[in-house]
Amino acid sequence: MPRPTALGGALTALATAAAGVLVAAAVSTSPAVAAPAGTGTGYLKTSGNKIVDSTGATVRITGINWFGMETDNKTFHGLWSNNPWRGQIDKMASLGYNTLRVPYSNDALKPGATASGINDFVNPDLVGLSPLQILDKVVDYAGSKGMRIILDRHRPTAAGQSPLWYTGTVSEATWINDWKMLAQRYAGNTTVIGADLHNEPHAEGTNPNATGACWGCGDPARDWRLAAERAGNAILSAQPNWLIFVEGVSCPSGGLSNVWDNDPSNDEDCGWWGGNLSKAGQFPVRLNVPNRLVYSPHEYATSVYEQTWFKAPEFPDNLPAIWDKYWGYLHKQNIAPIMMGEFGSTLADPRDKVWLEKLMAYTGTGVNGMSFTYWSWNPNSGDTGGIALDDWTSINTTKQAILQPYLIPPVGGGGGGVTPTPTTPGPTPTTPAPTGGCTATYKQVNAWQGGFQGELTVKNTGTGALNPWSVTWTWPAGVTLASGWNATVTQSGTTVTAAAPTWASSLAAGASVTVGFTANGAASAPGSVKLNGTAC
């Protein structure tokens, strides 16, 4: 969960969870293109600064955090809402999030741990299950949609985060043994791709009397780099196919700067908790299994803490150099892949919208861009809010519009360990268009070099319902579908079809449907729009 820089003192962030409504999973097809879709095939590994699948095809993780298992509830928040847990995953997938980062605490893994905060009327299949059994169900269903899972040891206990990976009550041995148990539990299930070892190691104590997590200091009790090696290698001994996600620290020394002692030797450049990987180039994490290391910084905006760079006169042009310094150099120098494990904002401050737009552009577009999991799905994250709004159903369209061009939706059933639910085309429309036909309006939401995002709204102006409905349109040659939502969207040649999802197959007289999409190529409005074969 988001935390301030070590320089900023304590900022308490309450983070909790979210939900969605049932929306058909987006489908992207391009018959002539050999590029990978969704999250690839089989287990993942690294190659330079890229993550690749079992065939060597590049995969970009474009995911989201759904948390609660790290809290006293010991399971996903939002299960108390009126939206079923499967509906929440359906919505995430339909929006284009191909991976779930799942925070947990070691409390949730203890024998006899019980999950709470579940609406048993909406989620009767979860009643009586342990936190791990609920996680099993989420893993299986997410895998059936082609999504991946990253497990995140967020806290030693539900009480709160810790600067080090161990505490007086949760030892390093417990930390490692619980990781090995999870690795063995999901062995052979390619939906679960890796371990985010410990969330947001950070400084504690004032230099020169540092007591927090350092990087490269050589003290086995405080050097996060060495601890990551110990845990990572233990996990890989049990599950050699997992990726090992390693966050940064806040201050490489592990202590807060004392700016009042007039001793510059005690002062250093610090960043976000978990966000400072400036020493990883000099002191890299060394794993026994090659091609498994992914660095995973955290990055936040003013709604979490007012860093000095947000107040600089050169803002926002100063941001890329800051990201380069803390973690971006690892990607740019082809040292290792970057997967931003957390980033987010309420966007209450106008600067934060600029920050988010700049950050997403910095990660790059398309499959070769840096991976990420946005914080968060949950609407009740105290200092960032969520993609879902407080009703657990509506979506924050401002945030989603900024992220949308960078999302690569899951496709099909790429995960293992379950029998995937096949993605099939929508049924062939059989209901003739009623008298009156339809109208169509198009809105271009965003555009960037090599692609654009749009929304096509089609209204049934006829006298009767269409069940099922289907919208078609054409694009010029060279424009190809990247992702779609609110329907099952496919492309064949220059014709795009948006078929009704099973949960909303009927379009009543006078009702409208809005199909969203991102596309590659020059921005182009849909042409020859038809509703069930009738021109609009």
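Are W272 and Y300 buried or exposed? W272 is buried, and Y300 is buried as well (buried means under 20% relative accessible area, exposed over 50% and partly exposed in between, with a 1.4 Å probe and protein chains only).

## About the model

This is a predicted model, where local features need pLDDT of at least 70, side-chain atom pairs count only at pLDDT 80 or more, and totals for chains, interfaces and linings use all residues. Residues are numbered from 1 along each chain as its sequence is written, and side-chain values use heavy atoms, with hydrogens and water left out.

## Aromatic rings

A pair of aromatic rings is described by how far apart the centres are and by the angle of the planes. Rings of Phe, Tyr and Trp (its six-membered ring) pair if their centres lie within 6.5 Å; planes under 30 degrees apart count as stacked, over 60 as edge-to-face and the rest as tilted. Searching the whole structure gives 24 aromatic pairs. One of them joins W272 and Y300, edge-to-face, at 6.1 Å centre to centre with 75° between the planes. W272 sits in the loop between β8 (243–246) and β9 (293–295), and Y300 in strand β10 (residues 298–300), so this pair ties together parts that are 28 residues apart in sequence. Helices (H or I, at least four residues) and strands (E, at least two) are DSSP runs, numbered from the N terminus.

W473 belongs to strand β16 (residues 470–474) and F517 to strand β20 (residues 512–520), so the pair ties together parts 44 residues apart in sequence. Both W473 and F517 are buried. Ring pairs also link Y442, F452, W473, W475 and F517 into a cluster.

Let's turn to helices. The axes of helix α3 (residues 172–185) and helix α4 (residues 224–238) come within 8 Å and cross at roughly 35°. Here, axes are lines fitted to C-alpha atoms, for helices over the stretch in contact, and angles run from 0 to 180 degrees between N-to-C directions.

Which residues in α3 meet α4? They are E172, W175, I176, W179, K180, A183 and Q184, and their partners in α4 include W224, A227 and R230; contact means heavy atoms within 4.5 Å. By class, this contact of α3 with α4 has 10 nonpolar, two polar and three charged residues (Ala, Val, Leu, Ile, Met, Phe, Trp, Tyr, Cys and Pro count as nonpolar, Asp, Glu, Lys and Arg as charged, and the others, Gly among them, as polar).
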